[in-house]
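The following report concerns a single protein chain.

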Amino acid sequence: VAGVVWVTLVVIDGILTAVVLIFVVRSWCIKKEVDGPILELDEIASQVMCALFMVQALVVQPSRLISLWQWLSDFPSLLRRRGPPSLERWKLGVTLLLLNLNCWFRFVNVYFMWWFIQNPSLRPLEWELATLITSVLCGAIGIGLEKYFVRLAQRSAEIARVAVDESQDDRLGSGMRSVGDSRTPLTNGGDKLEMGGVSQTGSEVKAAEENGVVEHA
């Protein structure tokens, strides 16, 4: 429920911010000074959006920071906490660093937004935009890399499982063929044939068959 409310507020505030920006850009295009109420509405919408993403950063930061600490100090515990599939240490480290940078740059952006809330015109625009864009990029790349690495690990695990199954099937088939070959009679003169627990040569078998034919005759 909280996630749905958060997304709804972000969408509503995003629409409001877009409408305000349209009026601001329109005023710039016609070289007209932007009205005070429009600037105030733009600042309010920006502060609300900043607060919403600040809440998100505060929610996800503890788990990300704990994971990064475990990656540095107790990597096996991190793998057990995450569960399968297991990722290589460097892959997990890059992902966790980017996800934490997403939160850290967000905090810096909030600082610039809230410190100049009384005088927005004094706010350094380059720092505001730089921290905002960097935070978004770190979050997007971190989440994307994590999903990509997980898919690769799942694919590798599936390939290994199939290889093990095929190896077991090959061993089972080889064993069955060996059993079948051991029961094939050999009737050459010097070869032996197991019959009823008695070892006989091929010549003895032929003699027994001839005797049987004579007796029947």
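How many aromatic pairs does the count come to? The count comes to 6 aromatic pairs, where rings of Phe, Tyr and Trp (its six-membered ring) pair if their centres lie within 6.5 Å, and planes under 30 degrees apart count as stacked, over 60 as edge-to-face and the rest as tilted. The pair of Trp6 and Phe53 is edge-to-face because the ring centres are 5.4 Å apart and the planes stand at 85°. Trp6 lies in helix 1 (residues 2-29) and Phe53 in helix 2 (residues 36-73), so this pair ties together parts that are 47 residues apart in sequence. Trp6 is partly exposed at a relative accessible area of 22%, and Phe53 is partly exposed at 23%. Here buried means under 20% relative accessible area, exposed over 50%, and partly exposed in between (1.4 Å probe, protein chains only).

Trp90 and Phe149 also form an edge-to-face pair, with 5.9 Å from centre to centre and 70° between the planes. This pair links distant parts of the chain, with Trp90 in helix 4 (residues 89-115) and Phe149 in helix 5 (residues 125-182), 59 residues apart. Phe149 is buried, with a relative accessible area of 8%. One aromatic cluster is formed by Tyr111, Phe112, Trp115 and Trp127. Arg89 lies over the face of Trp71, at 5.3 Å from the ring centre; a charge sits over a ring if NZ of Lys or CZ of Arg is within 6 Å of the ring centre and within 35 degrees of the ring normal.

The model is predicted: local features need pLDDT of at least 70, side-chain atom pairs count only at pLDDT 80 or more, and totals for chains, interfaces and linings use all residues. Residues are numbered from 1 along each chain as its sequence is written, and side-chain values use heavy atoms, with hydrogens and water left out.

**Overall layout**

The protein has 6 helices and 2 strands, and along the sequence these follow the pattern α-α-α-α-α-β-β-α. Helices (H or I, at least four residues) and strands (E, at least two) are DSSP runs, numbered from the N terminus. Of the 217 residues in the protein, 28% are buried. Among contacts between residues at least 6 apart in sequence, 59% join residues at least 24 apart; contact means heavy atoms within 4.5 Å.

**Packing around helix 3**

The axes of helix 2 and helix 3 come within 6 Å and cross at roughly 140°. That makes helix 2 oblique to helix 3. On the helix 2 side the contact is made by Ser63, Ile66, Ser67, Gln70, Trp71 and Ser73, and on the helix 3 side by Phe75, Ser77, Leu78 and Arg81. By class, this contact of helix 2 with helix 3 has 4 nonpolar, 5 polar and 1 charged residues.

Helix 3 (residues 75-82) and helix 4 pack at an angle of about 75°, and their axes are 12 Å apart. Helix 3 and helix 4 are therefore roughly perpendicular to each other. Phe75, Leu78, Leu79 and Arg82 in helix 3 meet Arg89, Leu92 and Leu96 in helix 4. The residues of the contact of helix 3 with helix 4 comprise 5 nonpolar, no polar and 2 charged.

Axes are lines fitted to C-alpha atoms, for helices over the stretch in contact, and angles run from 0 to 180 degrees between N-to-C directions. Angles under 35 degrees count as roughly parallel, over 145 as roughly antiparallel, 65 to 115 as roughly perpendicular and the rest as oblique. For the classes, Ala, Val, Leu, Ile, Met, Phe, Trp, Tyr, Cys and Pro count as nonpolar, Asp, Glu, Lys and Arg as charged, and the others, Gly among them, as polar.

**Individual residues**

Leu78, in helix 3, is buried with a relative accessible area of 0%. Leaving aside neighbours within four places in sequence, Leu78 is in contact with Ser67, Gln70, Trp71, Leu92 and Leu96. Ile66, in helix 2, counts as partly exposed at 47% relative accessibility.

| Residues | Separation along the chain | C-alpha separation |
|---|---|---|
| Ile66 and Leu96 | 30 residues | 9.9 Å |
| Leu78 and Ile66 | 12 residues | 9.1 Å |

A cis peptide bond joins Pro84 and Pro85, with omega about -5°. Pro85 is placed in the loop between helix 3 and helix 4.

Is Ser135 buried or exposed? Ser135, found in helix 5, counts as buried at 1% relative accessibility. Apart from neighbours within four places in sequence, Ser135 is in contact with Asn102, Phe105 and Arg106.
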